[in-house]
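Me: I should like to go through the reasoning behind several labels applied to the structure below. Please set each value against its criterion.

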Amino acid sequence: MTVQEGVLRYGDSPWQRIDLYTPVREPVRGAAVIFHGGFWRHDRIARDLEPLAVALVRRGCATAAVEYRPAWDGGQWPAAAEDAVQALERLDAAGAPWQDATLVGHSAGAHLALAAVAGRGAGRRAVLLAPVVDLAHTLATGTGGPAVGHFLAGHLAAGGTADEATPRPSRADLASLTVVEAACDQAVPSELTEYQLKGWRDGGLAVDHHTVPGARHMHLVNPDRDGCAAVLALLAGDPAAAEGSAS
């Protein structure tokens, strides 16, 4: 299948860009908007998701990979979250298939994916891969080292809290929420995942939870790794084929 690439801009910064991947001469059977991880400091960038995007397009799923300002270049809270909102609005304005796309966030990208929809009542579908969303508990567990402190530096200096920077979507915001955990994740501890799952469920959200045996953190977004098969199945509309266990 031939893949057509494009770019959408949603701001003046060179970082405020969305990379588009769509099938050519083939029907689009779904769409995904992906926010990359890298703990808001861009240890990873949107272009790193190109192999995943191409693999999804080959399954008929148009894919948008959102780039946003890193913490060291204008992206400290709340700026990166504002970028996520603006990027989603730009995609919605572009029409089909993006208006009904599933939102995907890997690692700290899950924080931005939820920030893009929290409080907007749009009823979006979300799939979070090894999510880092609850910033207070992320700080408490030391996940990401100094990354959260750097991301929130200005906010905390002004008297704000990490809890205030944690998006809390409602049932009106999310039509469905799926969490995919890598069983051998070396970057996101299972303690953080379990804490976040409990918080979402206590908040009234129904959450599907899949654990991928043997997978490490980056395997979930690397189609050359077996651990990515579950992600491809979920995003391509075949959740029954997703590997791992659901709880």
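Reply: A residue is called buried under 20% relative accessible area, exposed over 50%, and partly exposed in between. The model discussed here is predicted.

Me: Why is Arg47 counted as partly exposed?

Reply: The relative accessibility of Arg47 is 36%.

Me: What makes the pair Glu5 and Arg47 a salt bridge?

Reply: The criterion is a side-chain nitrogen of Lys or Arg within 4 Å of a carboxyl oxygen of Asp or Glu. For Glu5 and Arg47 the N to O value is 3.4 Å, so the pair meets the criterion. Glu5 lies in strand E1 and Arg47 in the loop between strand E3 and helix H1, 42 residues apart. Glu5, with a relative accessible area of 45%, is likewise partly exposed.

Me: Which residues are linked with this pair in a network of salt bridges?

Reply: The network consists of Glu5, Arg17, Asp19, Arg47 and Glu50. Within it, Asp19 bridges to Arg17, their closest N and O atoms being 2.8 Å apart.

Me: Why are Asp19 and Arg17 called buried?

Reply: Buried requires a value under 20%. Asp19 has a relative accessibility of 2%, so Asp19 counts as buried. Arg17 has a relative accessible area of 16% and is therefore buried as well.

Me: What makes Arg69 and Asp83 a link between distant parts of the chain?

Reply: Arg69 belongs to the loop between strand E4 and H2, whereas Asp83 belongs to helix H2, 14 residues apart. Their salt bridge has its closest N and O atoms 2.8 Å apart, and both residues are buried.

Me: How do you know that the length of helix H2 agrees with its number of residues?

Reply: The expected span is 1.5 Å times one less than the number of residues. For the 15 residues of H2 this gives 21 Å, and because the end C-alpha atoms are 21 Å apart, the two values agree. Several H2 residues are buried, among them Ala79, Val85 and Leu91.

Me: Why is Gln186 called partly exposed rather than buried?

Reply: Its relative accessible area is 48%. Buried would require under 20% and exposed over 50%, so Gln186 is partly exposed. Gln186 sits in the loop between strand E7 and helix H7, and its side chain reaches the backbone nitrogen of His217 at 3.2 Å.

Conventions
Residues are numbered from 1 along each chain as its sequence is written. This is a predicted model: local features need pLDDT of at least 70, side-chain atom pairs count only at pLDDT 80 or more; totals for chains, interfaces and linings use all residues. Side-chain values use heavy atoms; hydrogens and water are left out. Helices (H or I, at least four residues) and strands (E, at least two) are DSSP runs, numbered from the N terminus. Buried means under 20% relative accessible area, exposed over 50%, partly exposed in between (1.4 Å probe, protein chains only). A polar contact is a pair of N or O atoms within 3.5 Å; within protein, one must be able to donate a hydrogen and the other to accept it, and residues adjacent in sequence count only if both atoms are side-chain atoms.
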